Amino acid sequence: MEATLAAPSSLTSLSFRTNASFGSPSLLFRSPLSSVSMTTTTTARGNVAVAAAATSTEALRKGIAEFYNETSGLWEDIWGDHMHHGFYDPDSSVQLSDSGHREAQIRMIEESLRFAGVTDEEEEKKIKKVVDVGCGIGGSSRYLASKFGAECIGITLSPVQAKRANDLAAAQSLSHKVSFQVADALDQPFEDGKFDLVWSMESGEHMPDKDKFVKELVRVAAPGGRIIIVTWCHRNLSAGEKALQPWEQNILDKICKTFYLPAWCSTDDYVKLLQSHSLQDIKCADWSENVAPFWPAVIRTALTWNGLVSLLRSGMKSIKGALTMPLMIEGYKKGVIKFGIITCQKPL
Ligand code: SAH
């Protein structure tokens with residue numbers, strides 16, 4: 001099945017494959033509101049479909065919140081406060097210690113900034129306000145606030161994460177600079193043009209409406225502000241290809257169920273969405289090779305005695321998550337899953 005995303009004016013349409021988990025696939029990934037306003041003759045069936053899409057989106061939001069409420073403590077115990085991939089030199093086959101993986105996660109932040117052009121003191125000084133969209137327990141926010149001396153606001157769907165993130169900020173005497181709240185990335189509680197850096201580290205894959213997601217990132221960016229999206233994507237489709245192969249979609253569908261993800265898109269899709277806004281310096285890269293050692297390392301930690309005990313204590317969502325990790329590795333190996341970075345700047 002295929003869903004068409006409500007397209008920005010300069011695009012005819014963007015097709016995304018749907019996942020099997022959240023029902024009502026034909027409309028799930030279209031903004032219910034834009035569907036209503038764009039439809040001049042709304043039939044009774046149309047209204048039912050729009051209502052179903054809204055319910056499915058709500059179910060997804062609830063699922064994401066519950067997933068992170070339940071699993072964040074376990075992740076923090078084992079991996080610390082960054083809930084994202086590490087960045088490694090390609091083909092590095094060395095077995096790293098735990099601190100090596102933590103360094104790789106910090107390196108992911110540094111490489112992302114570098115890729116986006118935040119490369120010298122001059123650029124760093126411009127960053128005074130940061131929004132961390134999908135902040136987890138706030139690892140990036142605290143790092144960026146300390147690095148730039150900036151104010152940072154993080155948003156997450158999980159109340160447990162927001163509380164833990166605020167507690168950690170207080171423990172590190174950063175509460176005057178950093179704060180966290182429960183809010184939806186698709187409807188951010190911020191005025192237009194507020195942030196010099198709009199940061200989304202591995203949250204885009206959870207967004208059921210990529211068009212709305214990108215619009216919100218662009219809206220809250222200040223003139224001259226930078227937008228950094230680092231996210232799980234599927235491979236780019238080749239010319240003439242309309243969708244992934246069924247076996248590829250099958251892998252993604254299984255991952256979607258466990259990790260509460262809607263339909264995936266490609267980095268090309270993100271670039272097209274960004275191109276529909278007046279933005280400059282739009283760039284993207286495939287970092288799949290740089291993250292390859294990550295999931296095998298997570299699995300190794302889960303298989304230690306401590307890892308297994310913590311996993312069993314943490315609950316079913318964590319256990320299902322652990323059982324899905326090999327599929328992430330398979331997805332990368334077979335080239336279906338791509339780890340993408342997409343960055344741009346809002347003109348002054
Ligand atoms: N960026 C963090 C955490 C990544 S985990 C880090 O690097 O450590 C994904 C995060 O995205 C979670 O915090 C989850 O709550 C958040 N998220 C997913 N969908 C969201 C939405 N619609 N609005 C706000 N946050 C969302």
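1. A polar side-chain atom of H84 lies 2.7 Å from an oxygen atom of the ligand. This is a polar contact, meaning a pair of N or O atoms within 3.5 Å; within protein, one atom must be able to donate a hydrogen and the other to accept it, and residues adjacent in sequence count only if both atoms are side-chain atoms. Taken alone, the ligand exposes 580 Å², and the protein buries 98% of that. Accessible areas come from the Shrake-Rupley method with a 1.4 Å probe; for residues, only the protein chains shown count as cover.

2. The model is predicted: local features need pLDDT of at least 70 and side-chain atom pairs count only at pLDDT 80 or more, while totals for chains, interfaces and linings use all residues. Residues are numbered from 1 along each chain as its sequence is written, and side-chain values use heavy atoms, with hydrogens and water left out.

3. A backbone N or O atom of G134 lies 2.7 Å from a nitrogen atom of the ligand, and one of A185 lies 2.8 Å from a nitrogen atom of the ligand.

4. There are 20 residues around the ligand, and M83, H84, G134, Q161 and M201 come nearest. A residue is near a molecule if one of its heavy atoms lies within 4 Å of it. The shell divides into 10 nonpolar, 8 polar and 2 charged residues. Here Ala, Val, Leu, Ile, Met, Phe, Trp, Tyr, Cys and Pro count as nonpolar, Asp, Glu, Lys and Arg as charged, and the others, Gly among them, as polar.

5. H85 sits in the loop between α3 and α4 (98–116). H85 counts as buried because its relative accessibility is 0%; buried means under 20% relative accessible area, exposed over 50%, and partly exposed in between (1.4 Å probe, protein chains only). The side chain of H85 makes a polar contact with the side chain of Y332 at 3.2 Å. Leaving out residues up to four places away in sequence, H85 touches several others, including Q105, E202, W232 and F339. Contact means heavy atoms within 4.5 Å.

6. In helix α9, the buried residues include E248, I251, L252 and F259. Just after α9, Y260 takes a positive phi of about 55°.

7. The protein chain has 14 helices and 9 strands. Helices (H or I, at least four residues) and strands (E, at least two) are DSSP runs, numbered from the N terminus. Of the chain's 348 residues, 55% count as buried.
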